[in-house]
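Please look at the sequence and the structure below before reading on. The report after them is written for a first course.

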Amino acid sequence: MRRPAAFALAIIALVTTTLSQAQSGAGSRQPARPGALATRQAIYAWDGDLLRATYSYRDVLADPALAKKLSTGLPVVIAMRAYLYREGDDVPVALVPRVCRVVFDLWDEVYRVHLSEPEHESDKAVVLDGVLRLCTEARDLPVARRAVVAPGRAYFLGVVVEVNPVSPEIVDQMRRWMSRPAGSTSIGPSDALFGSFVQLFARQLATSDATLTFRTQGVVP
Amino acid sequence: MRSASCAALGLLLLPALARAQAAGAQYADLAGSVVSDPSGLSSAFQGDVTSPGGGDRSDGLQRSLGLRYTLEGVEVRGNTTTLSWVVLRYVPFHAGDVLDVDNPALALTRFRLLGTGYFRDVQLSLRRGTHRGAVVLVVSVVERNTMVVDDVWLGLSADVEPNGASRPLTAYAGVRVTETNLGGTGLALGGAFAVADSQLALRARLADPQFLRSSWIAETELLYNNARDFYGNRDVLVDYATPTSTPADYAVAQYVRFGGRIGAGHDLGISSQLFLAYRLEKIESVLPLAASDYRGRDIEPIDFMLIRGGSILSTLSATYVHDTRDEPFLPKTGHHVVASADISLTPFGSDYPYAKLSLHGSEWWPMPFGHVLHLEGFAGGVFGNAPLFERFYVGDLSDLLPDRVLDLNFDRRPAPNFFNTDIVEIRYGNYAAKINAEYRVPLYRGMRSIYGVDAFGSVGIYGLANLDDFVNPATGYSGFATVPIDLTFNAGLRIDTQAGRIVFGLSNFIGLLPVRGPDQGAGHP
């Protein structure tokens with residue numbers, strides 16, 4: 001009887017190794033390995049002692065279903081976080097958030113946009129193209145002051161863009177709530193009628209409708 | 001307005017900021033510094049402005065984006081099976097309401113509808129109403145198959161040879177299936193069966209998650225069990241009514257249960273629920289005329305824990321559940337407490353005067369690297385003469401023996417008895433307790449067919465006893481051996497999949513190893 005046990009242990013060890021490798025990099029709000037993200041171009045410029053960056057993330061709305069959500073009349077939030085990393089490091093030295101909130105005004109047929117970033121906040125009424133430019137392009141985004149970056153060292157931005165992000169706390173709360181919807185528990189709670197069923201949906205609760213991550217090319221400020 | 005949006009922004013980014021600040025990031029400095037010139041960005045976008053907005057909304061509303069409309073109605077689309085009123089009872093908006101597009105109840109409505117399990121996708125949108133400022137809320141659903149397999153049981157139960165080797169007793173199988181949206185009405189109809197050699201269990205259950213459109217859950221269940229159980233460990237003397245009975249080293253009782261229960265439940269808050277139920281059963285049992293077995297060194301008559309012939313069981317039960325787990329199968333944090341009380345209603349004809357109390361608590365703690373520690377405790381007591389199937393069974397406490405399925409017991413083995421105590425004499429008891437610790441290591445998390453895979457290892461100690469074991473321990477045992485406790489352990493994988501939950505445990509193998517040798521049951525002569 002030792003053989004089955006040894007065989008089972010070997011199987012577990014094999015699965016453990018395989019799945020651990022598959023899991024790496026998933027599930028973190030901050031890029032786990034920012035240096036390994038797909039690279040896209042950004043334009044950097046000094047504005048006094050402030051480093052600014054310009055780049056686009058329009059493809060976060062590439063899914064037509066997601067783009068269609070913009071015109072449902074209900075709010076859509078596009079949140080971008082840009083982490084400034086020193087090349088070779090996984091620890092950010094600065095973080096810049098940029099949040100865009102869009103609601104389509106059904107009767108005026110304009111998109112009302114509230115944009116919030118470190119430099120300023122603004123409210124606009126724009127057409128769809130304006131939404132895309134306002135909410136999916138960072139233009140002259142203030143990244144860091146000169147004192148934060150070491151001269152002669154290369155830096156890059158690790159960017160995370162989320163559409164309709166939900167805080168982990170709220171996701172957890174929803175999962176709790178969804179795991180016990182009205183009627184989810186039978187008279188004998190240990191014998192839950194819907195338990196495993198509702199679990200399927202709790203699992204589908206993502207932390208956002210879409211997530212895009214990338215890094216910019218390195219730059220020596 | 002600015003402070004409100006900054007607060008929202010801060011809330012959104014709080015976890016990230018905490019990490020970034022811990023890493024020495026300079027976000028606070030950046031966020032606090034307002035560069036005097038917005039560098040013309042704003043003016044660049046001004047060209048996109050097409051209209052400053054309608055006259056029925058104030059400037060303040062425009063700034064907050066909190067557009068408000070008069071709700072003209074709610075429209076359900078995409079439901080081919082589910083009746084519209086079933087969807088609408090989860091939508092807390094009605095015609096004539098002022099609808100603020102920022103109302104969080106809109107998002108919650110979507111999750112609430114998803115939580116019913118009737119739909120694969122739910123989307124909310126607005127469309128213009130018949131006059132300016134009016135809108136219709138459109139709920140678009142994509143239905144899914146609502147027939148669910150809740151449980152599948154397959155196994156091989158065992159007896160033991162005198163030398164301790166396992167001896168197959170019977171194969172068993174069972175399944176529990178539920179249609180969670182019967183005819184699109186939102187009612188749930190469930191059925192279950194379990195079958196083994198000379199045993200059959202059937203269940204049928206109907207549940208309404210919103211009884212009469214109230215916040216009460218109502219449920220009714222029908223039950224049928226044609227069961228048998230095994231008594232005695234060895235050297236059993238048994239006198240059956242039929243002289244052709246096959247001699248065996250155990251006694252067998254057969255009984256049939258038929259009845260049902262009705263109940264209702266209600267939320268006591270976001271994490272707590274209370275359930276009340278009434279049960280009525282008719283029991284017909286066929287017992288040996290007499291049987292005796294060794295208990296320690298003494299021969300004692302076997303208590304079959306059933307009334308010979310026909311009897312009635314009538315009980316009232318109350319169950320309180322407090323559940324803060326973040327998810328039901330692979331929780332990382334939270335606790336789960338179930339307290340229940342059953343009282344047999346002898347004044348109303350029940351033939352089994354007893355009360356049963358049990359408390360089961362679990363707590364999960366997140367550990368470094370995403371690992372999870374789970375501690376659980378259970379304690380219960382039966383006071384009076386409860387029928388066999390209401391008493392605590394060793395297989396339900398030990399990971400190394402099969403659990404009962406739909407109250408059917410397939411296995412005849414006693415406790416593995418790693419501590420050489422008198423627990424080997426006890427398969428059913430009126431008092432039970434268990435503490436168990438489990439450590440889980442997440443291996444995989446996914447969103448498609450496999451949602452999660454965790455490796456786990458657990459170890460626990462349980463005890464099972466009757467009153468006699470406290471006041472008159474079995475002869476032949478002394479000292480620590482009179483404390484009826486045993487060790488249980490398990491290790492393996494917990495897999496959460498689209499098809500259901502699977503546990504691969506080493507105990508499935510270990511449970512078939514010879515764990516009871518000739519020396520076990522040391523009290524035997």
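The text below describes a predicted model, beginning with chain A and ending with a sheet in chain B.

**Chain A**

Five helices and 10 strands make up the secondary structure listed for chain A. The chain has 221 residues, of which 47% count as buried. Taking the contacts in chain A between residues at least 6 apart in sequence, 68% join residues at least 24 apart.

In soluble globular proteins, nonpolar side chains tend to be buried together. The largest nonpolar core in this model holds 68 residues, and the members that touch the most others are Ile78(A), Leu84(A), Val102(A), Val113(A), Val143(A) and Leu157(A). Strand S5 of chain A, residues 92-105, gives the most to this core, with nine residues.

Leaving aside residues up to four places away in sequence, Val143(A) touches residues including Leu51(A), Ala82(A), Leu84(A), Val96(A) and Leu157(A). Arg52(A) is also among the residues it touches.

A second, separate core has 48 residues, among them Ala192(B), Ala291(B), Tyr393(B) and Ala415(B).

**A sheet in chain B**

Strands of a sheet pair through backbone hydrogen bonds, either parallel or antiparallel. In chain B, an open sheet of three strands has the order S10-S13-S14, with antiparallel pairing. Its two edge strands, each pairing on one side only, are tabulated here.

| Edge strand | Residues |
|---|---|
| S10 (chain B) | 237-239 |
| S14 (chain B) | 298-301 |

From one strand to the next, the twist averages 20°. S10(B) is joined by three bridges to strand S13 of chain B, residues 290-295. Within this pair, Leu237(B) stands opposite Ser292(B) in S13(B).

Definitions and conventions
Residues are numbered from 1 along each chain as its sequence is written. Chains are lettered from A and ligands numbered from 1 in the order in which they are written. This is a predicted model: local features need pLDDT of at least 70, side-chain atom pairs count only at pLDDT 80 or more; totals for chains, interfaces and linings use all residues. A nonpolar core is a set of buried Ala, Val, Leu, Ile, Met, Phe, Trp, Tyr and Cys residues joined through C-beta atoms within 7 Å. A residue is buried if 20 or more other C-beta atoms lie within 10 Å of its own, exposed if 12 or fewer, and partly exposed in between; C-beta atoms are placed from the backbone. Helices (H or I, at least four residues) and strands (E, at least two) are DSSP runs, numbered from the N terminus. Two residues are in contact if their C-beta atoms, placed from the backbone, lie within 7 Å. Two strands pair if DSSP finds at least two bridges between them. Axes are lines fitted to C-alpha atoms, for helices over the stretch in contact, and angles run from 0 to 180 degrees between N-to-C directions.
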